[in-house]
Amino acid sequence: MLKFKNAAEQAAWTMAEALSEKGFACMRQAEEAAENFRAGKMQMRRNFKARGLSEVDADIRWSGMTAAKKALADNGWYMSQATMYNEAAAAQYAKALYLKNCDEF
C-alpha cells in the first residue's frame with residue numbers, strides 16, 4: 001500500500017496513474033490499427049496469389065487503398081497520443097516523487 005505525506009503528492013500520483021492508463025489504451029488502439037494493416041496486406045496477397053499475381057503487385061495495390069492509409073494514419077495518431085500521455089504520466093510521477101522527498105511540506 002502506498003503511503004502519501006500530503007494531498008498534493010497523492011493527487012500527482014493519482015493523475016500519473018490515470019494518464020498512464022490512457023497511454024496504455026492508446027497503445028492498444030495503435031496495435032489494433034497495425035494489426036488491421038497487416039491483416040489487410042496478407043488478405044490482398046492471398047487474393048493476388050489466387051489470381052496468379054505477385055506479392056509485390058499485391059503490396060503496391062494494398063498501399064494505395066483507403067483502408068491501408070486509414071490503418072497507418074490511425075496507428076500514427078494513437079502512437080503519438082500514447083507518447084503524449086506517457087510523457088505526461090512520467091512528469092506526474094516525478095512530481096509525486098519530488099513532493100515525497102521535499103522537506104518543505
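This report describes the salt bridges of a predicted model.

## Basis

The model is predicted, so local features need pLDDT of at least 70 and side-chain atom pairs count only at pLDDT 80 or more, while totals for chains, interfaces and linings use all residues. Residues are numbered from 1 along each chain as its sequence is written, and side-chain values use heavy atoms, with hydrogens and water left out.

A salt bridge is a side-chain nitrogen of Lys or Arg within 4 Å of a carboxyl oxygen of Asp or Glu. The count under this rule is four. Helices (H or I, at least four residues) are DSSP runs, numbered from the N terminus.

## Bridges within a helix

In helix α1 (residues 7-50), arginine 38 and glutamate 35 are three residues apart, about one turn of the helix. Their side chains form a salt bridge at 2.8 Å, N to O.

Helix α3 (residues 66-101) holds lysine 70 and aspartate 74, four residues apart, about one turn of the helix. The closest N and O atoms of this salt bridge are 2.6 Å apart. Aspartate 74 is partly exposed, with 24% relative accessible area.

## Bridge between helices and network

Salt bridges that share partners join Arg45, Glu55 and Asp59 into one network. Within it, the side chains of arginine 45 and aspartate 59 meet at 2.8 Å, N to O. Arginine 45 lies in helix α1 and aspartate 59 in helix α2 (residues 55-63), so the pair ties together parts 14 residues apart in sequence. Aspartate 59 is partly exposed, at 23% relative accessible area.

Technical notes: Helices (H or I, at least four residues) and strands (E, at least two) are DSSP runs, numbered from the N terminus. Buried means under 20% relative accessible area, exposed over 50%, partly exposed in between (1.4 Å probe, protein chains only).
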